[in-house]
Amino acid sequence: MTRRATFVALAAGALFAPALASGQAKDWREIQKPALPAFTPQQPKRIALPNGLVIFLQEDHELPLVRGSARIRGGSREEPAAKIGLVSLYGQVWRTGGTKTRTGDQLDDDLEARGARVETGGGLDSTFASWDCLKESFDQVFGTWVELVRNPEFREDKLPLAKNQLNTGIARRNDDAGQIAGREARKLGYGADSPYARVAEYATVAAVTRDDLLAWHKATVHPNNIILGVVGDFDSKAMEAALRKALGSWPRGPAAPRADTTLREAKPGVYFVQKDDVTQSQIRMVHAGIRRDSPDYFAIEMMNEVLGGGFSARLISNIRSKKGLAYSVGGGVGADFDHAGLFQLSMGTKSGSTAAAIDALYEEIDNLLKTPATAEELTRAKDAILNSFVFRFDTKQEVMAERLLYEFYGYPPDFLQQYRAGIEKVTTDDVARVARAHVHRDKLALLVVGKASDFDRPLASFGPVATLDIAIPEGATAGSPPTRR
Amino acid sequence: MCRTLAGLVLIAVGVTRPAPAQDLAAFEKKVSVRTLANGLTLVVCERPEAPVFSFFTHVDVGGDREVPGITGLAHMFEHMAFKGTDRIGTSDYAKEKAALEAVETAYAAYDSERRRSVGRDENKLLELEKAWKDRIAQADGYVVKNEFSEIVDREGGVGLNAFTNSDETGYFYSFPANRLELWAYLESERYLKPVMREFYKERDVVYEERRMRTESQPIGRLIEQFLAAAFTAHPYGQPVVGWPSDLTSFSATDALEFYARYYVPSNMTVVVVGDVKAASVFPLVEKYFGRLKTAPKPGPLRSSEPPQKAERQVVVKDPAQPFYIEGYHRPAFNHPDDATYDVLQDLLSSGRTSRLYRALVRDKKIAAAASGFGGFPGVKYPGLFAFFGVPTPGHTPEEIQAAIRAEIERLKTEDVSDAELATVKTRTRANLIRRLDSNQGLAVQLGTYQARHGDWRELFKDVDRIQKVTQADVRRVANETFVETNRTVAVIQSTQMATARDSGDKR
């Protein structure tokens, strides 16, 4: 590591010398750009314990901090339909509900006095438990983390508090047009009941009990379901010994539940949500996307860059800069690691240019199929990705996070290198082919959230309009009625 | 104590490792400052972690220098700084320049007719509008779309963006280390000869930003009214994005006048952080930023907010869910009590041990979130210390208000405990360390402190000052600040909530 730092410093000194010797450039093209010095990022150490726990250790001595995070398989897509919100509640109460020996409030006092954090949370396909502390308090904070991971109590009194958070979110979910559009577009793209689109309701939140949280913990938090990453100011040998001592004897458990991820096709059509207190319409166009392990992924990345990557991409250039129709406009084919993403275009435009904006988006889709990417556009897109490639591993934390991600989803550890090689090989023909294969105007669901009376043209001019009912269902059971005073 | 420990460990490990980066002494070794002959300040922080660097250009002007008629212009110019120069973004600048001048002449004619309140000639107005738009179309013929951003993207730049707030304007992105000279050229070029191409289209884009952030967001709508009520003389009462009338009126000529007055080197601070050597950065910056013409730093702002005489209230009846905010005038960043306000903010708002979380969220369960924070909408001039609460379903802004007032009363009548104060101080130190871990974050912080205080070291001294705050300071400042006549209250009263309640039986 030390040698690497010295090498970079020397190289940097050397490569700026010629630039200094030259005169002041008049045109940016005249400026010398020496090759970037070879840079081999420090890889984390991977340790697989016999009980199935996978650990990554990444030393980083710049700041006196030690941070660790465990990613545990199983998330909200695996929770039962009648209890949507369970994993989110679990993620909160895991931490606030404390351990067998200390309440969550006691943990708060102890950790805050040290300027440290231990946090837990729930996500779509996993939950996490993390710590972040000054090196000097590692022993105590890591001890707390182990206690919380191995012996949580999920005290009953913190469950209503967590439900308050979710219910507040439900009550407020129709206040913001962008949030409505994002949520309803996911439902249109994946199907309303899909694990990737469904949302918590008062009734599903009310249905969750402490026993559900305990059961979730029992079903998922086992070493063989966990990948732990630790980064910071420590000695790897000492850290490995500490982790083996604390976690090595932890017995294996059953594999975490796994949702069925088959997806339904979106139903094409024109969808509308009435929202009268806005001056700007939110527009979405959506249909199914691809998985990241698709052979088309690299060409799709290039297509996305040409369509919506950065200020010089088509969507921004044509719809924002040229037509002045939007502040926010973007989109592309989504590619998730273990399930199909969504192809989505999104923009916000004043109510009075809603139809004009939809026309402009359709025009971009047609244009994408007619002239997918010119040689010049493709070169520009490749330059942008390849010249900025170093930013994918410019911190030790990032290098470890990347490895963790590939480990979690079962991708090869050198996927980043494969990505680079894949991007380099993409041709304009590839982009044309994947655009035809993965972008379909006739399959799109068009969604508009806005004030119809101010539109420049009725939405019916795009086809029969289905108005979506987004009224929030009232709670079926006692506990969280939305209108109680 | 933490420093000593970390220091010992590092000495034990070996001398080749870089010095620990968490304290002022360590940063003294890595940070250098120069002032160019034209008055521009340059800060370089050497951080050779990877062959990349980030920069931050701080311009000491935000919404604070806007007057009626040009509100939103600082932010508008920020957008225009991405439109290129006389050498970037044009196919033929000589012709484009003439075309853009014609646009301005046509716009002035159209705009003055449009805003005549008596005797406006509608036919003439249509003609003038058409003439203006025709000239825009002619000028657009010379535009090379988004060339500035395209160069940055293509050359491997990431995180290209900018912001404008009430106090200042900032520009930033990161580049691979071998693009240092290219950066110095591009970044100086955009302030040397900005060209107001596509100005009126971009004005529409900015208005869309206003619709998105302010007009179509319930809390955005409320905050605009809240600030307008809290400030009567000072520009902090004006929205940074601009009032609708100004956003549809100001011209490219206005923007260039604003630029000429405030985008002068003496009003600018440039920071570079990353795998660079100060010895290489200084001559390059001298060479390229040295081209900016010397001009005097704009004099201090004249208007200041007079003492408030009576409480002010804003009640917005809105279909959205309820929300509560109240604010009290407080002094600017350079006041001796600034550190005490920082302590108050941390004590009230930081984490699950904070007073507002424990009282409003955990115990009373009336709020999903509650917080008190120090410098709103800015800190360069006296601003507000504000409290807000997000009511949980079924709870009201009135309940939030009562609970916040009870916490304020506690601050005024009881000393903060030793343990609480110690926690605040420890947390502040730990959080400073967490703020030092990225090139871009460091560039923004060093630049902001250098520009605001005249010395980047104040970033660390701020934390030292917090260590000296006493129980008596907290109580005194709470008593001086949190008084009725110094207060502005703003509330969203939900019309939807009333409807749902009224129709509850019918469902």
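A residue counts as buried if 20 or more other C-beta atoms lie within 10 Å of its own, as exposed if 12 or fewer do, and as partly exposed in between, with C-beta atoms placed from the backbone. Keep that in mind for helix α6 of chain B: 6 of its 8 residues are buried, so α6(B) is largely enclosed by the rest of the structure.

This is a predicted model, where local features need pLDDT of at least 70, side-chain atom pairs count only at pLDDT 80 or more, and totals for chains, interfaces and linings use all residues. Residues are numbered from 1 along each chain as its sequence is written, while chains are lettered from A and ligands numbered from 1 in the order in which they are written.

**A few words you'll need**

- Helices (H or I, at least four residues) and strands (E, at least two) are DSSP runs, numbered from the N terminus.
- Two residues are in contact if their C-beta atoms, placed from the backbone, lie within 7 Å.
- Ala, Val, Leu, Ile, Met, Phe, Trp, Tyr, Cys and Pro count as nonpolar, Asp, Glu, Lys and Arg as charged, and the others, Gly among them, as polar.

- The buried residues of α6(B) are B:E147, B:F148, B:S149, B:E150, B:V152 and B:D153.
- So what covers them? The cover includes α13 of chain A, along with β4 (158-164), β5 and α7 of chain B.
- α13(A) (residues 375-387) packs against α6(B) at an angle of about 50°, and their axes are 7 Å apart. (Axes are lines fitted to C-alpha atoms, for helices over the stretch in contact, and angles run from 0 to 180 degrees between N-to-C directions.)
- That angle makes α13(A) oblique to α6(B); under 35 degrees counts as roughly parallel, over 145 as roughly antiparallel, 65 to 115 as roughly perpendicular, and the rest as oblique.
- On the α13(A) side, the contact is made by A:R380, A:D383, A:A384 and A:N387, and on the α6(B) side by B:E150, B:D153 and B:R154.
- By class, this contact has 5 charged residues, 1 polar and 1 nonpolar.
- Just after α6(B), B:G156 takes a positive phi of about 95°.

**Where the two chains meet**

- In total, 83 residues of chain B are in contact with 79 residues of chain A.
- Which element of chain B gives the most to the side that touches chain A? That's α8(B), with 8 residues.
- The chain B side divides into 36 nonpolar, 28 charged and 19 polar residues.

**The sheet in chain A**

- In chain A, 7 strands form an open sheet in the order β9-β10-β11-β8-β12-β7-β13, with mixed pairing. (Two strands pair if DSSP finds at least two bridges between them.)
- β9 (290-291) and β13 (465-467) of chain A are the edge strands, each pairing on one side only.
- α8(B) packs on this sheet, touching β8 (280-288) and β11 (340-350) of chain A, and its direction makes about 100° with that of β11(A).
- β7(A) (residues 269-274) and β12(A) (residues 445-450) pair in the parallel sense over 6 bridges, and A:G269 stands opposite A:A445 in β12(A).
- Also in β12(A) you'll find A:L446, which is buried, with 23 other C-beta atoms within 10 Å.
- A:L446 and A:I283 are 163 residues apart in sequence, but 7.4 Å apart in space, C-alpha to C-alpha.
- Leaving aside neighbours within four places in sequence, A:L446 is in contact with A:V270, A:Y271, A:M285, A:I358 and A:F462.

**The sheet in chain B**

- Chain B has an open sheet of 6 strands in the order β1-β2-β6-β3-β5-β4, again with mixed pairing.
- β1 (31-35) and β4 of chain B are its edge strands, and the twist averages 15° from one strand to the next.
- β3(B) and β5(B) pair in the antiparallel sense over 8 bridges; here B:F55 has B:Y173 of β5(B) as its bridge partner.

**Domains of chain B**

- Chain B is divided into domain 1 (1-33), domain 2 (55-90 + 143-289) and domain 3 (312-502), with bounds that come from an automatic or database domain assignment.
- The centres of domain 2 and domain 3 of chain B, taken over C-alpha atoms, are separated by 29 Å.
- Their contact takes 27 residues from domain 2 and 28 residues from domain 3 of chain B.
- On the domain 2 side, the largest share, 9 residues, comes from α9(B).
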